[in-house]
Amino acid sequence: MSPSAPPLEARMAELTGRHVPFVKATVVRARRPASARPGDTALVLADGRVEGFVGGACAEATVRVQALRTLRSGESLLLRISPEETADGTGEPVVEEGAVSVANPCLSGGELEIFLEPLRPVPRVVVLGESPIARALATFGPVLGYEIIEAADADGITPEELAGSQALVIASHGRGEEPVLVSAVRAGVPYIGLVASPRRGAAVLNALPLGAEDRARIHTPAGLWIGARTPGEIAVSILAEVIQAVRGRSAEVEVKVEAPPESPGTGSVTAVDPVCGMTVSVVDSAPYSDEGGDERRWFCCAGCRAAYEKDPARYAKADAS
């Protein structure tokens, strides 16, 4: 096992406990010359930071790009990095089922295979109320793999719990609804549901100190229309709507993968290193330069940045051609 494993295991436990998403990158094969060895591990956070070691700066740049993609998709991936052209000769990544091969011209000659495992927080659903519907939600939620936070009243919900949740369902029959609804909207909770009749739900929304767009984010009556009648059936309809909201956002690559203050960005923007041609993530931890023009340039490593800053005009001509 890599010497860096024990502290990274503690770090993984900390991030998981705080509902912070990350990717665990583990070297499973290395062909020399390569600085990384099988078992070397790193964690890639949603803002592009890399903690641990899975190779030098150039290999790390490729790992960062692909890891952030897996964090958004939620699917594990075997990443193959080689200094040679990919099999199709285009220089573009070759994507197979469960694997991607990337040509990294900056490598010193070795090859790496790295398993990328995205570890995203279990969806958390806050349930306010002690009604039969609330109890049914608390019973069925864990079956779906959701973490259910139960609160009898508004005082039982902390701002941290609300901010880190994928859904809030209020089934308190008029008790303490308004302040929690407002807090959830302002915290950006993806799904907010209010159990109420259409008439009462509309009255509650109209009384909230929110704009029309914010009020429209609150689902009331909560739940998909499936003809539900009993508390259990209504709870199923609400969880179905939660699934639709959570999984729908995932499919549109809009999952809230950041958890402040740990992850201020998702690193979804990429750029091409003008020196080596590699795709790199546009994140604060990546080398960049403002030399040679109005546009900021991003690089896989400090070496490429130094080469660019020595003669920016050369690479500007290459871009133009």
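This is a predicted model: local features need pLDDT of at least 70, side-chain atom pairs count only at pLDDT 80 or more; totals for chains, interfaces and linings use all residues.
Residues are numbered from 1 along each chain as its sequence is written, and side-chain values use heavy atoms, with hydrogens and water left out. The protein has ten helices and 16 strands; helices (H or I, at least four residues) and strands (E, at least two) are DSSP runs numbered from the N terminus.

**The whole protein**

- Of its 321 residues, 45% are buried; buried means under 20% relative accessible area, exposed means over 50%, and partly exposed lies in between (1.4 Å probe, protein chains only).
- If you take contacts (heavy atoms within 4.5 Å) between residues at least 6 apart in sequence, 59% of them join residues at least 24 apart.

**A parallel sheet and a helix across it**

- Five strands make an open sheet with parallel pairing, in the order β9-β8-β10-β11-β12; two strands pair if DSSP finds at least two bridges between them.
- At the edges sit β9 (147-151) and β12 (218-219), each pairing on one side only.
- β8 (residues 124-128) and β9 are joined by five bridges in the parallel sense, and β10 and β11 by four, also parallel.
- In β11, Tyr-191 is the bridge partner of Ala-167.
- Follow β11 (residues 191-194) along: Tyr-191 and Gly-193 point one way, Ile-192 and Leu-194 the other, and all are buried.
- In a regular strand the side chains alternate between the two faces of the sheet.
- Helix α3 lies across β8, β9 and β10 (167-170), at about 155° to β9 (axes are lines fitted to C-alpha atoms, for helices over the stretch in contact, with angles from 0 to 180 degrees between N-to-C directions).

**Around helix α8**

- Pro-221 is in the loop between β12 and α8 (231-251), and it counts as partly exposed because its relative accessibility is 38%.
- Beyond residues up to four places away in sequence, Pro-221 touches Leu-194, Ala-196, Ser-197 and Pro-198.
- Ser-237 belongs to helix α8 and is buried, because its relative accessibility is 4%.
- Leaving aside neighbours within four places in sequence, the contacts of Ser-237 include Ala-222, Gly-223 and Ile-226.

**Salt bridges**

- There are 13 salt bridges, each one a side-chain nitrogen of Lys or Arg within 4 Å of a carboxyl oxygen of Asp or Glu.
- Glu-60 and Arg-64 form one, with their closest N and O atoms 3.3 Å apart.
- Because Glu-60 and Arg-64 are four residues apart in helix α2 (residues 57-73), about one helical turn separates them.
- Glu-60 is partly exposed at 23% relative accessible area, whereas Arg-64 is buried at 5% relative accessibility.
- Glu-113 and Arg-80 also meet in a salt bridge (3.7 Å, N to O).
- This pair links distant parts of the chain, with Glu-113 in strand β7 (residues 111-119) and Arg-80 in strand β4 (residues 77-82), 33 residues apart.
- Glu-113 and Arg-80 are among the residues linked in a network of salt bridges, which also includes Arg-29 and Glu-96.
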